[in-house]
Every structure is written in structure tokens, then in C-alpha cells.
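Colleague: Walk me through this model, please, one feature at a time.

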Amino acid sequence: MKKKYKIMIVVGEMSGDSHAAKLIAALRQNYPAAEFEFFGTTGEKMRAAGVETLEKADDFARVGIIEVATALPMFWKVFRKVKKEAFKRKPDAVILVDFPDFNLRLATALKKKNIKTIYYISPQVWAWKKHRVKRIKKDVDLLLTILPFEQNWYAEHGFEKLKYVGNPLAGEVKSKSSRIKFCAENDLDNEKPIIALLPGSRGNEIDKILPVLIETACLMSSKKKDLQFVIALAAIRKKSEVKRIVSEVEACGFKIPKCLSVVKEATYEALHAADAAAVASGTATLEAAIIGTPMAIVYKVSNLTYYVLKNFVSIEFIGLVNLIAREKVAAEFIQNDFTAEILSRELFRLLEKNVNDEMRKKLAHIKQILGSGGASKLAAEAVMNELSKTNR
């Protein structure tokens, strides 16, 4: 008779949905003698994996004080529902995936009811809000980390209930087509330079970052006519959002490049085909690094959010590729430094062969640091080991 496990999984954004879906697949594949019942907050990939949905997490992701504040009633409603279901169903474990502001509060509530909590993808307490490590020590039964420097950082802060499982992207990020095929499918010229533009997956990232990326394309195109630009849109975003912002930029007097394509659910293919890229800070920078595309890292939030949060950030870089390399491999253009003029200069520089080749070598080293894959399998193994402690 199969051993049954009831597991709640709580995610709050697209990357967490992807990592959770891979973990679910690894649990089922590597432990066929077990029977799993999964439920929680879900994204598209978790739903496709058959996870029962308490609430859809598609619209949870918010960045910024104003953006989060306006969504607080929604978050509190979801929080109460998720907590109630956890108390009612008494899962064998709750797996919290990233999404720290929500999930750390949930971990505290679960601890009071002695519900086992496993945190997958460590909150970035090493970057800001270091005091949160105390809460993690108290409320989390097992922490699974995915960045190579995190294990030592937590050990230095006296936290030992953790396991480094490697990065879920390692061994997983691959283009499904060649540059030639991608160009043929998207009416691009394989012989001319291609620049990929990745504005992020959240709605407010699109609104803040994409206009500057399009302005950059306009400026660069006015100086070099044969450039081609590809906006790589996340699965949860709509092409109509791009069309709206292109119209707004054009209304401000910019001449839109003739070759400005939009692709959806083809980020890896766009990066693989690109000679250089402008990438919103986050998981996408690691994806670009693994593929080996020279990049500039960009980010922008509301001015209020920026001026409040900058006083709490205690790291030299914000780009994950730079944090892993422990040096500035990719230039970072944040807030007021993120302008079309500044970014266009860097992208032109990245198109120079010697600069391009040198960054590709450094990105290959980062890819090597991240390893060859297997993070989901190791995470599944750690989850099952933790579950076995409960059932002894």
C-alpha cells in the first residue's frame, strides 16, 4: 500500500511557480511508491501539474511600497484563506517557495500549530532585512537554498537546518531552436545584430522598465540602422501591454525601429539568438548567463520605493550574476541611472567583438559555478527526508 503525503505549496510569482512544478515532478518521479496530494496557491505550471488551487498566484507579484499597499486587502484575504486551509487539512508539510513577505508570516502561524514548514528558495535576507534570519531560525524546519554563497552566509549566522540543493535553472535552461530557425520564424535577419529586451514578468515592471527599453531601441536604431530588437515577453503578460507602451513612447516623439519584434514564451530562444541583451534584474539574469548572452542589468521602481529601500540594501550588487561571480560581470543600471542614453552606450559596447567575447567567457564561468543540474531532485530528496522524520 502506498504511503500518502498531503503537501501544501505556497508560491507568489512566476519563477516560484516554475520551481514548485519541477519539485512536484521530481517527487512523483523519484518516489513512485508514495502517493502525493498537493494543494495551495498556484501558477499556471502548478495547475498543469494537477495541484489543487486554493488561490491563483498569477497576480500576486508586486514590487514597491505603493503597489503592495494597494493590494494589501487582497493579500490579507488570501493569507486568511491559506492559513485556514492549512489548519483544517493538517498537511504533512507546507512548502513555502520564495515570496518572503507573505510566506514568513505564514511560517510563524504554522509553527504555532506545529505544522512542518519547508522553505524552498531562501528569502534574500543576505541582501536586506537581515533580522529576518531570527524568524527563519524559529519558524522554519528546513531551508533549501539555491545560490552557492547562501550556505556559508546562513552558517555564519548560526542557522544549520538547511541544505544547498543547487540552482533549479542549471541544466534546465536551453533554447529549443537555433538562431537561424528563430530568425526565420520571427522575420529577422540572421546576418544582422539582434538585441533582446527582457522587461520582467510583473505588471509594474512592464510599466516602469519597458518604456525605457523601447526608448533605448529607438535611440540605438537612429544611430545604427541594421539593428534588430526582440522583446521577450513572459507567459503571463499580454502583447497588448507592449502595444500600449510602444504607442505611448511613439506619442512622445520617438521613432519606433522598423525591426522591433515581440515574442511570448520564447525567452530562451530570444536570448540564444541575441548578440546582447538588456535584462530586468532577477531570475532572467541567471537564464541569460547560462545561455551565455552578454547583458546589461536594468531595474526601476517608483521613486518612493527606491528611496526607502535603498537604505536597507547591504550588498554591492543587485544582479544575481554579479553576486555569484563576486564581481561586476554585467553593468547594472538602476533607477536614475537607467536611461536610454546610458543603456544604449553599454549595449553598443557589448556589441564590440572583444567585449562580447570577454563577457561570454565570464558567463561560462558562472554557468560552471551553478553546476550541471539536479536541484529539483535534490530538493525532493530533502523534502522526503524531512517528511520521514515526522513519520518515524
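## Reading burial, sheets and helix contacts

Modeller: Buried means under 20% relative accessible area, exposed over 50%, and partly exposed in between, using a 1.4 Å probe and protein chains only. Before we go on, this is a predicted model: local features need pLDDT of at least 70, side-chain atom pairs count only at pLDDT 80 or more, and totals for chains, interfaces and linings use all residues. Residues are numbered from 1 along each chain as its sequence is written, and side-chain values use heavy atoms, with hydrogens and water left out.

Colleague: Where is the place of I121?

Modeller: I121 sits in the loop between β5 and α6. Those labels come from DSSP runs numbered from the N terminus: helices are H or I with at least four residues, strands are E with at least two. I121 also has a positive phi of about 75°, although it is not a glycine.

Colleague: Which residue other than glycine has a phi near 55°?

Modeller: That's D98. D98 is found in the loop between β4 and α5, and D98 is buried too, with a relative accessible area of 18%.

Colleague: Next, strands. Which way do the residues of β5 point?

Modeller: In β5 (residues 117-120), T117 and Y119 point one way, I118 and Y120 the other way, and all are buried.

Colleague: How do I read the pairing of β4 with β5?

Modeller: The general idea: strands of a sheet pair through backbone hydrogen bonds, either parallel or antiparallel. Here we say two strands pair if DSSP finds at least two bridges between them. Strand β4 (residues 93-97) runs parallel to β5, and four bridges join them.

Colleague: What is the order of the open sheet of six strands?

Modeller: The order is β10-β9-β8-β11-β12-β13, with parallel pairing. At the edges are β10 (260-264) and β13 (332-334), each of which pairs on one side only. Ignoring direction, neighbouring strands of this sheet are turned by 20° against each other on average. Axes here are lines fitted to C-alpha atoms, for helices over the stretch in contact, and angles run from 0 to 180 degrees between N-to-C directions.

Colleague: Which helix packs on the sheet, touching β8?

Modeller: Helix α9 (residues 203-223), which touches β8 (194-198), β9 (228-233), β11 and β12. The direction of α9 makes about 170° with that of β9. Helix α10 (residues 239-251) lies across β9 and β10, running at about 155° to β10. For all such touching, contact means heavy atoms within 4.5 Å.

Colleague: And inside the sheet, why is β8 largely enclosed by the rest of the structure?

Modeller: Five of the five residues of β8 are buried, so the strand is largely enclosed. Both faces are covered, with I194, A196 and L198 on one side and I195 and L197 on the other. β8 runs parallel to β9, joined by four bridges, and I195 stands opposite F229 in β9. On the β11 (residues 276-280) and β12 (residues 295-299) pair, there are four bridges as well, again parallel, and A277 stands opposite M295 in β12.

Colleague: What is L197 in contact with?

Modeller: Leaving aside neighbours within four places in sequence, L197 contacts L213, A217, F229, V230, I231, A232 and A278. The relative accessible area of L197 is 1%. By contrast, the C-alpha atoms of L197 and R326, 129 residues apart along the chain, are separated by 25 Å.

Colleague: Last topic, helix pairs. How do the axes of α5 and α6 cross?

Modeller: The axes of α5 (residues 100-112) and α6 (residues 132-139) come within 9 Å and cross at roughly 40°. The two are therefore oblique to each other; angles under 35 degrees count as roughly parallel, over 145 as roughly antiparallel, 65 to 115 as roughly perpendicular, and the rest as oblique.

Colleague: Which residues make the contact?

Modeller: From α5 you have P100, D101, L104, R105, A107, T108 and K111, and from α6 R132, R135, I136, K138 and D139. They divide into four nonpolar, one polar and seven charged. Ala, Val, Leu, Ile, Met, Phe, Trp, Tyr, Cys and Pro count as nonpolar, Asp, Glu, Lys and Arg as charged, and the others, Gly among them, as polar.

Colleague: And N103, buried or exposed?

Modeller: N103, which is found in α5, counts as buried at 0% relative accessibility. Not counting residues up to four places away in sequence, N103 touches V10, L96, V97, D98 and Y119.
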